[in-house]
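Trainee: I have a structure to go through. Can we take the labels one at a time and check each against its cut-off?

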Amino acid sequence: SKGPSVHGPRSLADRGLYQSSIFRRLEECPNLNMMEGTVDDLLIHESSCQIEGVKMKDGSIIKSDHVIITTGTFLGGIMHMGDSRMVGGRLDDVHSSVDSGNSTQPSSSSSLSNTLKRMKFKIERLKTGTPPRLAKSTIDYKDPHLGLQLGDSSPVPFSFLNDTVSHASDQLICYTTRTTKEAHKIIQDNMKQYPTLDGGGGKGIGPRYCPSMESKVDRYPDRDHLVWLEPEGYNREEVYPNGLSMALPPHVQLSFLRLLSGLHNVSMLVPGYAVEYDYVSPLELFPSLETKKIKGLYFAGQINGTTGYEEAAGQGIIAGINAGLSCSGRPPLILSRSSSYIG
């Protein structure tokens with residue numbers, strides 16, 4: 001549906017400012033200890049099926065009777081770009097090339113995935129994708145065919161805890177462009193180079209609201225598709241072409257991009273790619289997001305088959321609240337679908 005019931009405000013945040021702000025808030029949070037490392041395995045009391053902690057890649061052990069797993073696209077993640085396959089869930093976190101044979105060690109996400117399989121969780125594969133990142137200095141913003149996307153003149157905060165929005169008077173402008181039949185032909189002529197994925201008869205199975213540009217052209221070849229050119233921050237060169245997720249080889253992606261208005265001389269900073277990853281059937285969970293098989297173990301986000309956006313964040317909040325309530329022996333917080341978005 002695209003009706004009023006699913007309309008809502010959307011915010012583009014400066015990536016660097018957002019990350020530093022959240023990190024600062026976490027550092028200032030009382031009674032919170034942060035540790036950085038790679039989780040390799042779960043510690044489970046076999047007879048009681050109770051979580052007891054996690055084992056790190058370096059061999060160290062962190063004891064806990066409540067653990068929340070939020071692996072995103074990293075659980076058994078494989079990135080695809082043309083015929084290139086790489087282990088990982090995000091390009092700037094690449095461990096190795098699957099096909100190159102230059103690494104015999106599986107990524108930590110693969111180790112954790114194997115643990116969940118050993119515990120008989122029902123695991124399947126999903127795929128998502130990300131668009132190429134464009135160099136802002138190579139986009140022709142004076143192209144008359146680009147659409148102008150201004151922010152709200154009086155933006156409304158998401159939270160009732162705030163009355164105003166920071167930087168409301170200093171908003172950046174977004175622009176839109178559209179695909180063309182000539183650009184679609186580039187994709188159609190090169191679909192033999194689209195990666196072969198594990199699910200969906202080789203095409204992969206994506207979350208419902210994340211179609212790739214290849215899928216859009218395949219389903220609706222005669223339509224022009226809208227692309228938003230979104231700056232990633234005040235002082236960043238990267239532009240995010242929202243709606244343009246692709247997994248064809250980089251040279252094909254660039255040929256496609258340069259047939260779009262405003263992008264005739266564009267440079268790619270990072271090519272787009274598809275990510276295929278493991279997820280656990282949500283039927284394995286109680287409404288509290290605690291797993292039915294292992295007491296004290298909670299799953300949130302894309303590990304439950306959600307998209308990686310508001311729904312994943314909402315699940316993280318619910319899992320965190322209920323793990324905390326369980327620690328103090330209190331009943332879980334269960335929200336109904338009739339009264340809440342994340343119920």
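Trainee: Which residue stands opposite Arg133?

Mentor: Val270 in strand 14. Bear in mind that the model is predicted.

Trainee: What makes strand 9 and strand 14 a pair?

Mentor: Pairing needs at least two bridges. Strand 9 and strand 14 have two bridges, in the antiparallel sense. So they count as a pair.

Trainee: Where does that pair sit in the sheet order?

Mentor: The order is 10-11-12-13-9-14, six strands in an open sheet with antiparallel pairing. Strand 10 (147-149) and strand 14 are at the edges. Each has a single partner strand, so one side of each has no neighbour in the sheet. On average, neighbouring strands of this sheet are turned by 35 degrees against each other, direction ignored.

Trainee: Why is Glu232 called buried?

Mentor: Buried means under 20% relative accessible area. Glu232 has 8%, so the label holds. Glu232 lies in the loop between strand 12 (226-231) and strand 13 (238-242). Leaving out residues up to four places away in sequence, Glu232 touches Ala13, Asp14, Arg15, Arg133, Glu238 and Tyr240.

Trainee: What puts the buried residues of helix 5 on the same side?

Mentor: Those residues are Val252, Gln253, Phe256 and Leu257. They span an arc of only 135 degrees around the axis, so they share one side of helix 5. In general, an α-helix has 3.6 residues a turn, so residues three or four places apart point the same way.

Trainee: What covers the buried residues of helix 5?

Mentor: The cover includes strand 5 (78-81), strand 9 (133-135), helix 3 (181-189), helix 4 (213-219) and strand 14 (268-270).

Trainee: Are Cys327 and Cys174 buried or exposed?

Mentor: Cys327 is at 52% relative accessibility. Exposed means over 50%, so Cys327 is exposed. Cys174 has 12%, under the 20% limit, so Cys174 is buried.

Trainee: How do you know that strand 1 and strand 2 pair?

Mentor: Six bridges join strand 1 (residues 39-45) to strand 2 (residues 50-56). The cut-off is at least two, so they pair. They run antiparallel, and Ile44 stands opposite Ile51. The two strands form a hairpin with four residues between them. Cys49 in that turn has a positive phi of about 50 degrees.

How values were computed: Residues are numbered from 1 along each chain as its sequence is written. This is a predicted model: local features need pLDDT of at least 70, side-chain atom pairs count only at pLDDT 80 or more; totals for chains, interfaces and linings use all residues. Side-chain values use heavy atoms; hydrogens and water are left out. Buried means under 20% relative accessible area, exposed over 50%, partly exposed in between (1.4 Å probe, protein chains only). The arc is that of the directions from the helix axis to the C-beta atoms. Contact means heavy atoms within 4.5 Å. Axes are lines fitted to C-alpha atoms, for helices over the stretch in contact, and angles run from 0 to 180 degrees between N-to-C directions.
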